[in-house]
Amino acid sequence: MNCEMKEKNMKACNCTYPCSKKGNCCECIRYHRSMGELPACYFPVKYEKNLQPLDRVFYGIVQRGKNQLIAGVTYEETMEYTFASIEEAIEDL
């Protein structure tokens, strides 16, 4: 997929990993979502280069859990979802 915004996106991209998706935000986000991860742009620059794939997964799980609490899902349901997500992530290792 050709991205018309790639040049502009490259200026704001804080990802330190060399890959073909750099600057092509649609492809990058699609890829990381399919892996259950968050892309580099979701993390502060000073932490991004030290992240491991599992860190990205856990951070995503925590963020989704927070969003569920904000949306009115009970704490117990949120914790059940969070722990199930963590178990699933560990099984996928």
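Start by selecting C3: with a relative accessibility of 18%, this residue counts as buried (buried is under 20% relative accessible area, exposed over 50%, partly exposed in between, using a 1.4 Å probe and protein chains only). You will find C3 in the segment before α1; helices here are DSSP runs of H or I with at least four residues, strands are E runs of at least two, and both are numbered from the N terminus.

This is a predicted model, where local features need pLDDT of at least 70 and side-chain atom pairs count only at pLDDT 80 or more, while totals for chains, interfaces and linings use all residues. Residues are numbered from 1 along each chain as its sequence is written, and side-chain values use heavy atoms, leaving out hydrogens and water.

Stay with C3 and show what surrounds it. Leaving aside residues up to four places away in sequence, C3 touches N9, G23 and N24 (contact means heavy atoms within 4.5 Å).

Next, select R30 and E27. Their side chains form a salt bridge, 2.5 Å from N to O (a side-chain nitrogen of Lys or Arg within 4 Å of a carboxyl oxygen of Asp or Glu). About one helical turn separates R30 and E27, because they are three residues apart in helix α2 (residues 25-34). R30 is partly exposed at 46% relative accessibility, and E27 is partly exposed at 23%.

Finally, pick K21 and Y31. K21 lies over the face of Y31, 4.6 Å from the ring centre (NZ of Lys or CZ of Arg within 6 Å of the ring centre and within 35 degrees of the ring normal).
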